[in-house]
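Please read these points with the model open beside the text. They are meant for someone who has not looked at this structure before.

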Amino acid sequence: MRISVIGCGYLGAVHAASMAKLGHEVVAVDVDPVKIERLAAGDAPFFEPGLPEILAEAIASGRIRFTTDYAEVAGSRVHFLAVGTPQGPTGAADMTYIDSAIASLTPHVAAGEFVVGKSTVPVGTAARLAAGLQDAVPGATLVWNPEFLREGFAVQDTISPDRLVYGVPSGPAGSSAVEALDEVYATTLAEGTPRLVVNLPTAELVKVSANAFLATKISFINAMAEIAEVAGADVTALADAIGHDDRIGRKFLNAGLGFGGGCLPKDIRAFQARATELGVGESLDFLADVDAINLRRRAHVVTLASELLGGAVAGKRVAVLGLAFKPNSDDVRDSPALDIAARLLELGATVSAYDPEANHTAARIHPSLSYVDSASAALQDADLVLVLTEWNEFRTLDPAAVVAQVASPVVIDGRNCLDRDAWTAAGFTYRGMGR
Ligand code: UDX
């Protein structure tokens with residue numbers, strides 16, 4: 001099928017390359033000429049495992065084209081909208097990119113074609129866009145098909161997702177939309193992927209409520225970590241024990257620095273803003289606590305660092321291992337790790353920071369941190385070690401070797417990812433999160 005993808009960020013670039021991988025002919029559009037030039041040359045503009053390979057394959061097969069010219073989308077049967085909806089100044093989602101993308105796209109859409117939203121949007125957006133599209137191009141149909149990809153697993157999550165959700169209008173237009181999307185995802189459906197057909201607002205809500213639930217699960221375990229810390233309990237053992245209950249499940253119960261990234265933090269804030277607009281703000285009051293618990297983790301680590309350094313971090317050498325919001329990503333948007341590194345710097349510490357992939361993205365936001373290009377360089381003569389992103393490279397550090405490099409053997413394991421016994425046995429004062 002001939003498909004267009006509007007927006008070539010984390011979502012759109014992966015979606016476009018994945019659609020080509022599934023055998024479709026793809027036109028990918030972005031307003032940023034530099035990004036388009038890089039993608040056309042097979043150079044992924046961000047770190048995402050598997051993306052360079054499927055991008056190269058798509059380019060070699062001739063099934064993908066990157067352009068800044070919207071006119072090139074003409075003739076695509078399905079147009080995917082995959083632009084960002086960042087957090088606006090009030091906490092509500094900033095819809096500028098969605099609105100400008102749809103305005104640029106609409107003149108090139110014809111009757112019988114489908115505009116398929118993938119971006120995370122406030123509930124009600126699809127109905128508004130559908131009305132506009134209907135007026136401009138009678139016979140074109142707007143549907144919503146939210147994306148649930150996790151960074152680091154984006155390619156796998158796009159090609160073999162847990163589920164497909166189609167938000168469609170009622171009547172024949174909806175049935176045609178289901179047929180078109182079934183054709184897009186034929187390979188995925190043949191693997192047995194569950195597919196749910198719902199109305200437009202349900203599809204929009206599925207996405208934000210899934211993220212709100214995940215955020216709540218993480219903050220729940222971090223709240224337990226706060227209690228475990230004062231009660232002398234171990235939150236990791238607690239998570240293992242409650243996780244054996246199938247109704248609870250062990251996933252997303254890792255206590256630590258909490259959630260960051262380009263999705264969970266802004267999505268829970270935008271969801272609250274939208275609920276308030278709809279007059280049901282109270283329904284999501286609990287998300288304010290979820291957010292607050294999450295942000296307290298960062299403050300907690302800074303306080304702990306200060307305590308371990310004898311009351312003040314000023315003048316101390318601090319090794320920060322990890323800056324990305326999670327491993328296997330170079331994304332530092334709302335990253336707890338980068339936030340903590342920046343706070344320690346602000347308090348007067350000499351911060352030596354290293355991330356296997358995110359040094360360059362972090363440096364754009366906090367150029368004043370001192371970035372080094374290995375864990376070993378960061379650790380040299382450190383008064384305190386903080387492991388803030390659970391990259392495998394850090395999990396597998398040999399504490400016996402590290403102890404010889406640092407000035408003082410004290411470690412904060414912000415992600416509970418180190419072998420506590422091994423680090424303690426090597427002579428380290430070890431502090432985990434909620435243990
Ligand atoms: C998330 C959702 O998982 C995905 O379905 C949605 O489409 C986009 O948002 P992502 O932002 O890539 O994906 O990251 P995710 O793996 O969900 O992790 C989010 C944050 O939560 C990370 O900072 C991670 O470190 C943190 N986290 C996750 C925890 O602190 N504890 C956990 O147990 C799990």
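1. Basis. This is a predicted model, in which local features need pLDDT of at least 70 and side-chain atom pairs count only at pLDDT 80 or more, while totals for chains, interfaces and linings use all residues. Residues are numbered from 1 along each chain as its sequence is written, and side-chain values use heavy atoms, with hydrogens and water left out.

2. Strand 1 (residues 2-6) pairs with strand 2 in the parallel sense over five bridges; strands and helices here are DSSP runs numbered from the N terminus (strands E, at least two residues; helices H or I, at least four). Two strands pair if DSSP finds at least two bridges between them. I6 stands opposite V29 in strand 2. On its other pairing, strand 2 runs parallel to strand 3 (residues 64-67), joined by four bridges, with V27 opposite R65. Four of the five residues of strand 2 (residues 25-29) are buried, so this strand is largely enclosed by the rest of the structure. Buried means under 20% relative accessible area, exposed over 50%, and partly exposed in between (1.4 Å probe, protein chains only).

3. Strand 1, helix 1 (residues 10-21) and strand 2 make a right-handed β-α-β unit. Right-handed means that, with the strands pointing away from the viewer, the path from the first strand over the helix to the second runs clockwise.

4. Strands 5 and 6. A right-handed β-α-β unit is also made by strand 5, helix 5 (residues 125-136) and strand 6. Strand 5 (residues 114-117) pairs with strand 6 in the parallel sense over four bridges, and F114 stands opposite T141. Strand 6 (residues 141-144) is covered on both faces: T141 and V143 on one side, L142 and W144 on the other, are all buried.

5. P169. Which residues does P169 touch, not counting those up to four places away in sequence? They are T141, L142, V143 and G174, where contact means heavy atoms within 4.5 Å. P169 is found in the loop between strand 7 (164-167) and helix 7 (172-184). P169 is partly exposed, with a relative accessible area of 26%. Its C-alpha atom is separated by 57 Å from that of T350, 181 residues apart along the chain.

6. An open sheet is formed by six strands in the order 11-10-9-12-13-14, with parallel pairing. Strand 11 (370-371) and strand 14 (429-431) stand at the edges with a single partner strand each, so one side of each has no neighbour in the sheet. Strand 9 (residues 317-321) and strand 10 (residues 350-354) pair over five bridges in the parallel sense, and L321 stands opposite Y354. Helix 12 packs on the sheet, touching strand 12 (384-387), strand 13 (410-413) and strand 14, and its direction makes about 170 degrees with that of strand 13. Helix 13 (residues 336-346) also packs on the sheet, touching strand 9, strand 10, strand 11 and strand 12; its direction makes about 160 degrees with that of strand 10. Axes are lines fitted to C-alpha atoms, for helices over the stretch in contact, and angles run from 0 to 180 degrees between N-to-C directions.

7. Helices 11 and 12. The axes of helix 11 (residues 264-277) and helix 12 (residues 286-308) come within 10 Å and cross at roughly 155 degrees. That makes helix 11 roughly antiparallel to helix 12; angles under 35 degrees count as roughly parallel, over 145 as roughly antiparallel, 65 to 115 as roughly perpendicular and the rest as oblique. Among the residues making this contact are I268 and F271 of helix 11 and L287 and L295 of helix 12.
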